[in-house]
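Here is a short tour of a structure, meant to be read with the model open beside you. Take a look at the sequence and the fold, and then walk through the points below.

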Amino acid sequence: MADMINTVNMERLKKGEVNLGTSIMAVAFEGGVVLGADSRTTTGSYIVSGLQTYPNVRDQAHLFLNLCNTFHYHAQFYAAQHDSRPPVHTIASLFQSLCYENKDRLSAGIIVAGWDEEQGGQVYNIPLGGGIFRQPWSIGGSGSTYVYGYCDATYKEGMSEDETVNFVRNTLALAMARDGSSGGCIRMCVITKGGVRRIFVPGNELPKFWEGAELIETKRAISGKPEISLPATAGEGMVVQ
Amino acid sequence: MSSIGTGYDLSVSTYSPDGRLFQVEYAAKAAENAGLAIGLKCSDGIVLAVEKIVQSKLLVKGANRRIMSLDNHVGMVSSGLLADGRHLAKRGREEAQSYRDQYGAPMTLKVRPDKPASVVSSLMAKGWSSPCSQALIERVAMYEHAYTCYGSVRPFGISTIMAGVDKTGPQLYVVEPSGSYYGYRASAVGKGKQLAKTELEKLDLSNITVKQGVMEVARIAHLVHDDNKDGNFELEMTWIGPETKGFHEHVPSQLLQEAEEAAKRALEEAMEED
């Protein structure tokens, strides 16, 4: 019985299906995008950074590794034929058609985000059936369902790069706290005209939010000061840096 | 017949001793004598026009369109054998559509028109295909070129103006039956092309807008046409510009009528001065 509780019951999954617990996110800002993912992978969450498509793959996700290599190839081929790197939209379209053509075999929600000369920072969400939707921000994975409200309440147009990084970090931390299939550390990358910058947030340095009254009481007792400042009005959100 | 060709003009796959392909040159002749087509690249778009000689009074006015769209943002008009032009347009449409299917984006006419091909020579050295192979004009031109390489086919009897507005801005090219193509700011193909080109050269092509272009192209078409020699004609005109939001569309009939009336007035005034 203990096994049944503590592990994923593989019998309940479809044949060949894997449990894709994770939280991923991408947000566009003036001049670029921020991508982020947590590190807990039952099978997969990956950041493939931008137009250069360097596969930065953790765990044993052979399918996605293959995909990334394929798209790295596509991007290079495009560059050779067009004498310029493919726009973000083009890469997203390639993923989209692949997801659509193979919708009966794939179960992957993909976010393609990057920066190009034509349209600046862009985020494309490619959900399960193989659609393609450009969005200012996009979240995905099992953890995302917990934080849609937070994103709606927090996202503002015209955020700076630093504000956007904070937004991604906070959102993922909240998702990881609520979602049992998400957790660990946060990896982010910022893609701008200048290139790719990677940011790592270790698991013990995640931003803290209200995670249970007892916890806060304990911390107050230790530090002697409040860990969080509660919002004065309901409209102000509850971000704590 | 004995002075030209002398047996070297029977096949497109045989050179003459001085290195010419007569069949390709004859194909160009077929294009030279058909109705005039004019293409104009403006600062904010492009204008295409064709002079259609009225072959029969029974033909319906406004039917029998000659300017074709290859994609939303690309127009094409050819002078010469009509069916050859339509066949080439069909091929161009297939190319444009297949690019859209593959990349989810409209095809550009030329890859990086601002950059010389030598910049990518390092990539070609690695064995990549031609750096232009994903450009619409290149695909269409290479298709035409293939028809100059085999004894079993004849070259296209058309000169073609292809023009469009893509992410790099307005573009205009002329493709010859040989498969060679050149980019222009403005050009004319077909009967009277020399006179038309001389008139086009007088325009301030760097600053002209499509709206001004429509007027000028109508004027040139009427100037070049000789009613006594060629009979009546109908002017068909399309454009891409701010007014069409980047789409290749026919010039509204009212504007076209205004342009033609202005053209006729200008001609009459010029006649009186003489």
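**A histidine and its surroundings**

His73(B) sits in the loop that links β3 (68–71) and β4 (74–80) of chain B; helices (H or I, at least four residues) and strands (E, at least two) are DSSP runs, numbered from the N terminus. This is a predicted model, in which local features need pLDDT of at least 70, side-chain atom pairs count only at pLDDT 80 or more, and totals for chains, interfaces and linings use all residues. Residues are numbered from 1 along each chain as its sequence is written, chains are lettered from A and ligands numbered from 1 in the order in which they are written, and side-chain values use heavy atoms, leaving out hydrogens and water.

**More on His73(B)**

- His73(B) is buried, with a relative accessible area of 6%; buried means under 20% relative accessible area, exposed over 50%, and partly exposed in between (1.4 Å probe, protein chains only).
- Among the residues that His73(B) touches are Arg100(B), Pro106(B), Ala163(B), Asp166(B) and Ile240(B), where contact means heavy atoms within 4.5 Å.
- A polar atom of the His73(B) side chain lies 2.6 Å from the backbone oxygen of Met107(B).

**Helix α2 of chain B**

- Helix α2 (residues 82–103) of chain B has 22 residues and spans 32 Å from its first C-alpha to its last, close to the 32 Å expected at 1.5 Å a residue; the expected span is 1.5 Å times one less than the number of residues.
- Buried residues of α2(B) include Leu88(B), Gly92(B), Glu95(B) and Tyr99(B).
- Which part of the helix do the buried residues of α2(B) line? They fall within an arc of 135° seen down the axis, so they line one face of the helix; the arc is that of the directions from the helix axis to the C-beta atoms.
- Ala83(B), Arg86(B) and Asp101(B) are exposed on the other side of α2(B).
- Gly104(B), with a positive phi near 65°, follows α2(B).

**The open sheet of chain B**

- Five strands make an open sheet in the order β8-β1-β2-β9-β10 (chain B), with antiparallel pairing; two strands pair if DSSP finds at least two bridges between them.
- The edge strands β8 (186–189) and β10 (249–250) of chain B each pair on one side only.
- Helix α5 (residues 193–201) of chain B packs on this sheet, where it touches β1 and β8 of chain B, and its direction makes about 165° with that of β8(B); axes are lines fitted to C-alpha atoms, for helices over the stretch in contact, and angles run from 0 to 180 degrees between N-to-C directions.
- β1 (residues 37–41) and β2 (residues 46–53) of chain B pair over five bridges in the antiparallel sense, with Gly39(B) opposite Leu48(B).

**Strand β6 of chain B**

- Six of the seven residues of β6 (residues 169–175) of chain B are buried.
- β5 (residues 158–166) of chain B is joined to β6(B) by seven bridges, running antiparallel, and the two strands form a hairpin with two residues between them.
- On its way to β7(B), the chain passes through a hairpin with five residues between the strands, in which Gly179(B) has a positive phi near 95°.

**Strand β2 of chain A**

- All seven residues of β2 (residues 32–38) of chain A are buried.
- β1 (residues 24–29) of chain A pairs with β2(A) over six bridges in the antiparallel sense, and Val27(A) stands opposite Val34(A).
- Val34(A) also has Val190(A) in β9(A) as a bridge partner.

Note on methods
A polar contact is a pair of N or O atoms within 3.5 Å; within protein, one must be able to donate a hydrogen and the other to accept it, and residues adjacent in sequence count only if both atoms are side-chain atoms. Lists of a residue's contacts leave out its neighbours within four places in sequence.
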